[in-house]
Amino acid sequence: MGERCSLEYSVNMNAAGSYTEGISIEIGDGTFIGHGCEFNTTSKVTVGQHCLIAAGTRFIDHDHGMDPGSRMIDQPETHAKIVVGSDVWIGANCIVLKGVTIGDGAVLAAGAVLTTSVPPYAVYGGIPARLIRMRSELGSGLIHFANR
């Protein structure tokens with residue numbers, strides 16, 4: 001956990017098999033994590049610096065097979081790390097699945113389900129999430145007020 005992070009209540013960090021070497025959850029400096037977020041990992045979830053992660057977001061870096069010849073509980077598990085860059089804004093109730101990398105400065109609309117990686121400064125939304133636009137198409141997004 002980095003310095004100056006802010007975690008609201010009921011954030012669940014579950015490193016399944018936590019005594020297995022290499023499993024980790026890393027949160028960068030100045031990152032905010034809203035209430036009810038879940039980090040569910042069997043490999044690694046990394047979040048960069050100065051990110052905003054809204055309430056109810058889930059990071060799940062693993063799943064299991066669906067072979068009809070085996071019971072669901074006996075299916076082999078697959079996993080791949082999740083990487084969130086710096087200065088990323090993830091809206092409420094998003095789901096980020098295994099193997100996804102979210103580039104620096106990206107934005108995810110509320111409720112998005114991420115199954116593929118997101119380039120830097122992209123705005124993604126939907127189920128499954130897709131490119132809506134690049135932040136450069138929005139202008140600076142800053143409002144400047146005159147000194148009073």
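Buried means under 20% relative accessible area, exposed means over 50%, and partly exposed lies in between (1.4 Å probe, protein chains only).

## About the model

This is a predicted model: local features need pLDDT of at least 70, side-chain atom pairs count only at pLDDT 80 or more, and totals for chains, interfaces and linings use all residues. Residues are numbered from 1 along each chain as its sequence is written, and side-chain values use heavy atoms, with hydrogens and water left out.

M13 has a relative accessible area of 33%, so M13 is partly exposed. M13 sits in strand β2, residues 12–15. Strands (E, at least two residues) and helices (H or I, at least four) are DSSP runs, numbered from the N terminus.

## The open sheet

Seven strands make an open sheet with mixed pairing. The order is β1-β4-β7-β12-β15-β17-β18. β1 (6–7) and β18 (130–134) stand at the edges with a single partner strand each, so one side of each has no neighbour in the sheet.

β1 pairs with β4 (residues 32–33) in the parallel sense, over 2 bridges. Two strands pair if DSSP finds at least two bridges between them.

## Parallel neighbours of β6

Strand β3 (residues 24–27) pairs with β6 in the parallel sense over 4 bridges. β6 also pairs in the parallel sense with β11 (residues 82–84), over 3 bridges. T46 links to both: E26 has T46 as its bridge partner in β6, and T46 has V83 as its bridge partner in β11.

## Two loop residues

T42 lies in the loop between β5 (38–41) and β6 (44–47). T42 counts as buried, at 14% relative accessibility. Beyond neighbours within four places in sequence, T42 is in contact (heavy atoms within 4.5 Å) with A16, I23, D61, H62, E77 and H79.

K81 lies in the loop between β10 (77–79) and β11. K81 and G99 are 18 residues apart in sequence, yet 5.2 Å apart in space, C-alpha to C-alpha. Leaving aside neighbours within four places, the contacts of K81 are S43, K44, K98, G99 and V100.

## Cysteines

The whole structure holds 0 disulfides. A disulfide is a pair of cysteine sulfur atoms within 2.5 Å. The closest cysteine sulfur to that of C5 is in C51, 9.5 Å away, too far for a bond. For C37 the closest is in C94, at 9.5 Å, again too far. C5 is partly exposed at 22%, whereas C37 is buried at 1%.

## Backbone details

The peptide bond from I127 to P128 is cis, with omega near -15 degrees. P128 lies in the loop between β17 (122–125) and β18.

N93 is not a glycine, yet has a positive phi of about 60 degrees. N93 lies in the loop between β12 (89–90) and β13 (95–97). Y121, not a glycine either, also has a positive phi of about 60 degrees. Y121 lies in the loop between β16 (113–114) and β17, and is partly exposed at 42%.
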